[in-house]
Amino acid sequence: MGGYKTTCEILSVGKPAVVVPRIKPSREQCIRAENLANLGVLAAIHPKDLTPDILLRSLLQQL
């Protein structure tokens, strides 16, 4: 998930990450994940696009 504390921890350790943000009840996590993905800090997968294959490919790309 892409909560505030989770993304802060990802940023503080500088490790590759794949985030699948929650989109309800608010889009806060989704907006944060999209912005960080656009900056190249992490990979984000929208929950509606999440499949095992897409998750595997994203994880492998981050490694």
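Guide: One definition to begin with: contact means heavy atoms within 4.5 Å. In this predicted model, and leaving aside neighbours within four places in sequence, Ala33 is in contact with Val19, Pro21, Leu42 and Ala44.

Visitor: Why is Val19 called buried?
Guide: Buried means under 20% relative accessible area. Val19 has a relative accessible area of 1%, so it counts as buried. Val19 sits in strand S1. Not counting residues up to four places away in sequence, it touches Met1, Gly2, Ile10, Ala33, Leu42, Ala43, Ala44 and Ile45.

Visitor: Which residues form the largest nonpolar core?
Guide: That core has six residues: Ile10, Ala17, Val19, Ala33, Leu36 and Leu42. Membership calls for buried residues joined through side-chain atoms within 4.5 Å.

Visitor: What makes Leu39 exposed?
Guide: The label exposed needs over 50% relative accessible area. Leu39 is at 67%, and therefore counts as exposed. Leu39 lies in the loop between helix H2 (28-38) and strand S2 (43-44). Together with Leu11 and Val41, Leu39 forms a nonpolar patch on the surface, with about 280 Å² of accessible area in total.

Visitor: How do you know that Arg27 and Glu34 form a salt bridge?
Guide: The rule asks for a side-chain nitrogen of Lys or Arg within 4 Å of a carboxyl oxygen of Asp or Glu. For Arg27 and Glu34 the closest N and O atoms are 3.9 Å apart, so the pair meets that rule. Arg27 is partly exposed at 41% relative accessible area, and Glu34 is partly exposed at 35%.

Visitor: How many salt bridges does this rule give?
Guide: The count comes to three. One of them joins the side chains of Glu28 and Arg32, at 2.4 Å from N to O. Both residues lie in helix H2, four residues apart, about one turn of the helix. Another joins Asp53 and Arg57, also with an N to O distance of 2.4 Å.

Visitor: Why are Asp53 and Arg57 separated by about one helical turn?
Guide: Because they are four residues apart in helix H3 (residues 52-62).

Definitions and conventions
Residues numbered from 1 in each chain as written. Predicted model: local features only at pLDDT ≥ 70, side-chain atom pairs only at ≥ 80, totals over all residues. Heavy atoms only, no water. Patch = residues over 30% accessible without salt bridge, like charges linked within 9 Å, V, L, I, M, F, W, Y side chains within 5 Å. Areas by Shrake-Rupley, 256 points an atom, 1.4 Å probe, with all protein chains shown as cover. Helix = DSSP H or I, 4+ residues; strand = E, 2+ residues; numbered from the N terminus. Buried < 20%, exposed > 50% of the residue type's maximum accessible area, 1.4 Å probe, protein only.
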